[in-house]
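Subject: Structure for you to look over

Dear colleague,

I am passing on the structure we spoke about, and my notes on it follow below. Please read them with the model open beside you.

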Amino acid sequence: MGTTRRGFLQAGVATILGKPAMVAAQSSQPSRTRTLRAVMQGDLRSFDPIWTSASITSYHGAMIYDTLFGVNEDMKPQPQMVGKYGVSDDKLTWTFELRDGLRFSDGTDVTAADCVASMRRWAVRDGFGQHMFARVTDTAVKDAKTFTVVLREPYPLILDAFGKAGGPLLYIMRKKEAETDPMQQITAYVGSGPFVFNMQETKQGASYVYDRNQNYKPRSEPASAMAGGKMAKLDRIIWDNVADDQTAVAALQNGEIDFFELPPIDLVDQLEADKNIRVEVLNSTGQTIWARLNSLYPPFDNVKARQALLYLINQQDVLRAAIGNEKYYRTCGSYFGCGVPMENDENTQWFKEAPNKAKAKQLFQEAGYDGRPVIILQPTNFAVFNTAMQLLAQWLREIGVNAQLASSDWGSVISRRAVKEPPEKGGWHVFPAAILSEAASNLMGFVGHAATGANAWFGWPNNERHEQLRDKWAKSEPEGRLAIAKEIQKNAWDFVPHVYMGQYTRPSAWRANVRGVLHMRELMIPFWNIEKT
Amino acid sequence: MIAYVLRRIASLVVVMALVAMAVFLLLRLAPGDPTAIIAGDNATPVQIASVRARLGLDDPLPQQFYRWATALLSGDLGVSIFSNTPVAELIGQRIEPTLSLAFATLLFAVPVAVLLGILAAWSAGGVADRLAMAISVAGFSLPGFVVGYFLVYVFAIRLKWLPVQGYTPISQDVASWASHLILPALTLGLAFIALIARMTRTALLDVLAEDYIRTANAKGVSTLSLLLKHALRNAGVPIVTILGIGAAMLIGGVVVTETVFNIPGIGRLVVDAILKRDYPIIQGVILVASGVYVVINLLVDLSYTLIDPRIRS
């Protein structure tokens with residue numbers, strides 16, 4: 001019997017009806033409602049959050065690794081992977097026991113040996129870790145779940161170090177990855193965290209895929225910043241590397257992406273007017289613009305020249321030019337930043353007077369300024385720094401300083417700021433930085449606070465009293481730290497290792513159907529707890 | 001002919017070698033290197049020096065070049081300093097979007113441009129000619145990102161006909177692949193139409209003034225046959241030349257369009273690598289791109305012989 005027209009049509013309909021079932025069976029991708037697409041602050045170039053301190057790699061680390069402790073939204077460290085912990089009466093031996101049921105994404109148990117190896121690797125690269133480990137005499141594995149840290153002197157900041165939320169964080173990796181030379185990158189990414197890095201679906205430079213980790217056991221408490229229960233409520237998170245801000249804004253408005261970490265400030269109004277989009281500042285203390293000074297060479301080897309800049313800089317003008325929207329900036333005279341626990345107003349008379357160009361000029365003269373060029377590194381591909389350095393150069397010229405801008409990209413600035421040669425031989429006098437206000441408020445959390453001369457951060461300030469006070473701060477109990485912070489600030493604004501040009505925040509934006517985005521006073525975006533309605 | 005082709009292939013090797021040396025030297029002589037970026041803010045001078053030594057960046061330049069060149073000769077383009085991924089793999093991932101965009105752009109731009117050029121030449125001095133040249137001037141004058149943003153605003157945001165950004169591999173979904181290429185191809189295509197239309201018009205105007213065209217016209221040859229069979233073929237050499245240059249530029253990567261439409265192509269790969277001083281990627285991509293340019297030039301030269309039999313001899 002030949003094919004009839006009816007038979008042919010029936011076969012065709014059956015084929016069409018049968019097709020969706022076949023497609024569903026073949027599809028292994030989570031649905032759009034169970035997937036969140038996000039545009040983050042930059043491209044994820046490295047996958048090792050210990051090898052690099054790049055913020056985006058820290059975010060990546062938080063996706064796939066867990067930490068021994070995590071800070072809550074008040075920036076207080078809470079046990080995370082640790083179940084029980086304690087310290088000996090002499091405060092020299094800390095004992096940590098892991099929670100039950102912790103597993104890596106490959107199904108293997110997380111053990112104390114993994115934790116000790118991860119800790120040792122982290123301590124080589126991290127400033128806080130270096131500071132702590134200078135006081136550690138031993139780390140020992142007691143059993144599968146228990147390890148100790150033995151100190152030569154009490155170190156009350158140990159939990160802050162373990163729970164720090166600024167990169168590099170103490171992410172717990174498998175022992176075999178953690179035993180990689182800290183100056184080389186790991187090559188496997190088996191994590192202890194709420195998501196699994198899907199290397200197969202990831203396309204470097206384009207999109208990075210994270211799937212929910214079925215082996216992860218969250219804590220039972222509600223999520224709070226990096227602490228509490230890290231419940232992955234979505235099946236897949238994709239980070240799209242969209243280089244153009246306007247394109248990312250359009251994609252967010254069109255629903256092609258769900259979350260945009262840092263929309264440009266001048267486009268925020270457009271997003272706020274869209275009822276399908278929410279705009280909020282997640283990190284309420286934001287960042288502070290630093291102008292770091294080279295203390296090795298004239299004129300800034302003279303304290304009066306450094307003090308001159310305190311009176312020269314008009315933070316309001318910098319912020320108005322660089323940020324624009326006053327909802328997102330504030331001026332601040334505290335060495336520790338504003339809105340943070342260590343904020344105080346010791347020795348801030350300069351802040352009340354600035355700008356005072358006459359005083360700045362006088363101080364430069366007292367410093368014996370001889371008219372030599374003052375080299376200011378100007379990264380033109382960072383709008384905030386580009387603007388700030390241009391303003392600084394102009395103000396210096398107005399008081400008779402021969403300020404010269406050395407324009408380049410940020411990569412060149414990073415390379416040149418490490419040069420200790422005289423400025424006229426490839427060195428520098430001033431370079432910009434944006435330091436997280438929470439990091440600035442933690443004297444051990446950021447390496448830029450050290451004033452140890454040749455071993456300090458770029459700029460190499462040297463001040464013995466500052467180091468004594470830092471040490472005192474590190475050894476003090478939490479309730480005593482503010483008083484020491486005031487002494488530190490009083491001294492810091494006398495010897496002036498760097499100057500501040502203003503504090504600012506940046507809002508994030510997401511689709512209105514995205515819920516559960518966690519606020520955090522650090523440069524970190526937790527993707528657990530987030531869901532789509 | 002075979003001897004000619006062999007000579008050109010030999011010259012390709014020489015050109016690639018010169019490009020390799022030039023790129024290597026320029027990178028090493030430019031300020032900055034990846035060491036400080038890799039070592040991180042907390043690195044001590046000893047650690048920075050250790051990173052530099054591990055990357056071989058403190059070796060003498062001839063030694064560094066020898067190391068890279070010998071690896072290259074065995075087909076090894078090196079490994080990204082930052083992501084530890086083989087450069088060949090990264091280029092392989094990025095070449096499909098770039099080729100897709102190039103294909104889509106040429107598919108759209110070439111027929112439109114050639115027709116526009118023919119129309120302009122045929123009605124030289126008339127309304128159609130002025131309109132065609134106005135379009136051409138607009139194509140040259142308007143920056144690519146302005147055109148791109150405009151198209152996104154109209155077709156993606158207002159009309160919601162097409163996506164704003166992104167790229168879908170053809171193996172994943174043909175319809176999505178095509179829809180993601182329409183707007184970027186239109187954006188790039190405008191500039192190409194401008195270039196090719198003008199060249200077509202100019203070349204045709206020269207040919208249309210020839211005696212044999214007047215003879216064909218007098219013999220009653222149809223307009224279409226006259227333009228396409230007699231005139232266009234004789235004007236083909238400069239047109240094919242500019243097409244070849246354009247195709248090579250597209251394959252080399254068009255950064256602005258890739259950035260505006262978030263297409264993960266070769267252009268963005270190399271710009272990102274330049275900003276972070278990822279030497280192996282920069283060297284690898286420039287080498288591959290220069291190879292593409294040379295091969296396309298060779299193909300263009302060979303195509304002359306198909307268009308104009310006089311060149312064949």
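Two residues are taken to be in contact if their C-beta atoms, placed from the backbone, lie within 7 Å. The model is a predicted one, in which local features need pLDDT of at least 70 and side-chain atom pairs count only at pLDDT 80 or more, while totals for chains, interfaces and linings use all residues. Residues are numbered from 1 along each chain as its sequence is written, and chains are lettered from A and ligands numbered from 1 in the order in which they are written.

I begin with the nonpolar core. The largest such core (a set of buried Ala, Val, Leu, Ile, Met, Phe, Trp, Tyr and Cys residues joined through C-beta atoms within 7 Å) has 234 residues, and B:Ile196 and B:Val285 are those with the most contacts inside it. Here a residue is buried if 20 or more other C-beta atoms lie within 10 Å of its own, exposed if 12 or fewer, and partly exposed in between, with C-beta atoms placed from the backbone. If neighbours within four places in sequence are left aside, the residues in contact with B:Ile196 include B:Ala109, B:Val110, B:Ala113, B:Val114 and B:Gly117, and also B:Ile242, B:Leu243 and B:Gly246.

Chain B has 15 helices and 0 strands, where helices (H or I, at least four residues) and strands (E, at least two) are DSSP runs numbered from the N terminus. Of its 313 residues, 39% are buried, and its C-alpha atoms fill a box of roughly 85 × 55 × 35 Å along the principal axes. The chain is divided into domain 1 (2–73) and domain 2 (87–312), with bounds that come from an automatic or database domain assignment. The C-alpha centres of these two domains of chain B lie 32 Å apart, and 14 residues of domain 1 of chain B are in contact with 13 residues of domain 2 of chain B. Helix H1 (residues 2–29) of chain B gives the most to the domain 1 side of that contact, with 9 residues. By class, that side has 11 nonpolar, 1 polar and 2 charged residues (Ala, Val, Leu, Ile, Met, Phe, Trp, Tyr, Cys and Pro count as nonpolar, Asp, Glu, Lys and Arg as charged, and the others, Gly among them, as polar).

Between the chains, the contact takes 39 residues from chain B and 34 residues from chain A. The chain B side of it has 18 nonpolar, 13 polar and 8 charged residues.

In chain A, the assignment gives domain 1 (36–242 + 512–532) and domain 2 (287–504), whose centres, taken over C-alpha atoms, are separated by 31 Å. Strand E17 (residues 430–436) of chain A has 5 of its 7 residues buried, so it is largely enclosed by the rest of the structure. Strand E13 (residues 287–293) of chain A runs antiparallel to E17(A) and is joined to it by 7 bridges, two strands being paired if DSSP finds at least two bridges between them; A:Phe431 in E17(A) is the bridge partner of A:Arg292.

In helix H10 (residues 315–322) of chain A, the residues A:Gln315, A:Val318, A:Leu319 and A:Ala322 are buried. They cover an arc of only 90 degrees around the axis, which puts them on the same side of H10(A); the arc is that of the directions from the helix axis to the C-beta atoms. Just after H10(A), A:Gly324 takes a positive phi of about 90 degrees.

With best wishes
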